[in-house]
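Visitor: I'd like to learn how to read a model like this one, feature by feature. Can you walk me through it?

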Amino acid sequence: MARTVADVMTRDPAAVEAEQPVSVAAALMRENDAGAVIVNENGRMQGIVTDRDIAVRVVADDKGPETPVREACSASVEAVGPDTEIDQAVQLMRTHAVRRLPVVEDGRAIGIVSLGDLAMERDQNSALADISAAEGNR
């Protein structure tokens, strides 16, 4: 049974630089079948942008696809280290009402752990685990 987020995280998450357009982030989400992309500033993690962020902060505000990712991303992001215990990650997600936690080492995102990853680890028979395990869902 997995004990730390390193055991269940998705390694090497897709990432964009903060000044890149949201269209690049959206294309990476499509290519990686992911709902979130790490946002870096000079290679160091500064935030995360989700498909919902793009819909709510860009499309709903009539901004175009060239809008810099920094205008759409969540800069205040809870993150964990690879040695963080799974129970701690679950508690952080609950406390901060987030579905994904970047896994950071030396200021760089080395992975991302999602609510679905944790559901599959904790209760493989749950509806969330079933949905998360289905092909095409990340």
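Visitor: Where is aspartate 106 found?

Guide: Aspartate 106 is in the loop between β5 (100-105) and β6; helices (H or I, at least four residues) and strands (E, at least two) are DSSP runs, numbered from the N terminus. A word on the source: this is a predicted model, where local features need pLDDT of at least 70, side-chain atom pairs count only at pLDDT 80 or more, and totals for chains, interfaces and linings use all residues. Residues are numbered from 1 along each chain as its sequence is written, and side-chain values use heavy atoms, with hydrogens and water left out.

Visitor: What about phi for aspartate 106?

Guide: Most residues other than glycine have a negative phi. Aspartate 106 has a positive phi of about 55°, although it is not a glycine. Aspartate 12, in the loop between β1 (10-11) and β2 (15-17), also has a positive value, with phi near 50°.

Visitor: Are aspartate 106 and aspartate 12 buried or exposed?

Guide: Buried means under 20% relative accessible area, exposed over 50%, and partly exposed in between (1.4 Å probe, protein chains only). Aspartate 106 has 67% relative accessibility, so it counts as exposed. Aspartate 12 is exposed too, with a relative accessible area of 67%.

Visitor: OK, zoom out. How many helices and strands are there in the chain?

Guide: The chain has 5 helices and 6 strands. Read along the sequence, they give the pattern β-β-α-β-β-α-α-β-β-α-α. Of the 138 residues, 39% count as buried. The chain exposes about 7900 Å², and carbon and sulfur atoms supply 45% of that; these areas come from the Shrake-Rupley method with a 1.4 Å probe, and for residues only the protein chains shown count as cover.

Visitor: And how do I read contacts?

Guide: Contact means heavy atoms within 4.5 Å. Take the contacts in the chain with a separation of 6 or more: residues 24 or more positions apart account for 55% of them.

Visitor: Which residues does valine 22 touch?

Guide: Valine 22 sits in helix α1. Not counting residues up to four places away in sequence, valine 22 touches Ile54, Val58, Gly64, Pro65, Thr67, Pro68, Val69 and Ala72. Valine 22 and alanine 72 are 50 residues apart in sequence, yet 7.6 Å apart in space, C-alpha to C-alpha. At 3% relative accessibility, valine 22 is buried.

Visitor: What about serine 23?

Guide: Serine 23 is in helix α1 as well, but it is partly exposed, with a relative accessible area of 29%. Leaving aside neighbours within four places in sequence, serine 23 is in contact with Pro65 and Glu66.

Visitor: Which residues touch the most other members of the largest nonpolar core?

Guide: A nonpolar core is a set of buried Ala, Val, Leu, Ile, Met, Phe, Trp, Tyr and Cys residues joined through side-chain atoms within 4.5 Å. The largest one has 15 residues, and Val16, Val37, Val39, Val49, Ile54 and Val69 touch the most other members. Elements giving two or more residues to this core are α1 (22-32), β3 (36-41) and α2. The largest share, 4 residues, comes from α1. There's a second, separate core of 13 residues, including Ile86, Ala89, Val103 and Val113.

Visitor: Last one, pockets. What is the volume of the second largest pocket?

Guide: Rolling a probe the size of a water molecule over the atoms shows where empty space is left. On a 1 Å grid over the protein atoms alone, a pocket is an open set of points where a 1.4 Å probe fits, with protein on both sides within 12 Å along at least five of seven lines; lining residues have an atom within 4 Å of a point. The second largest pocket has a volume of about 430 Å³, volume being the space filled by probe spheres set on the points, which are joined across faces, edges and corners. Of its 15 lining residues, Thr50, Asp53, Val98, Arg99 and Arg100 are the closest to the centre. α2 gives the most to this lining, with 5 residues.
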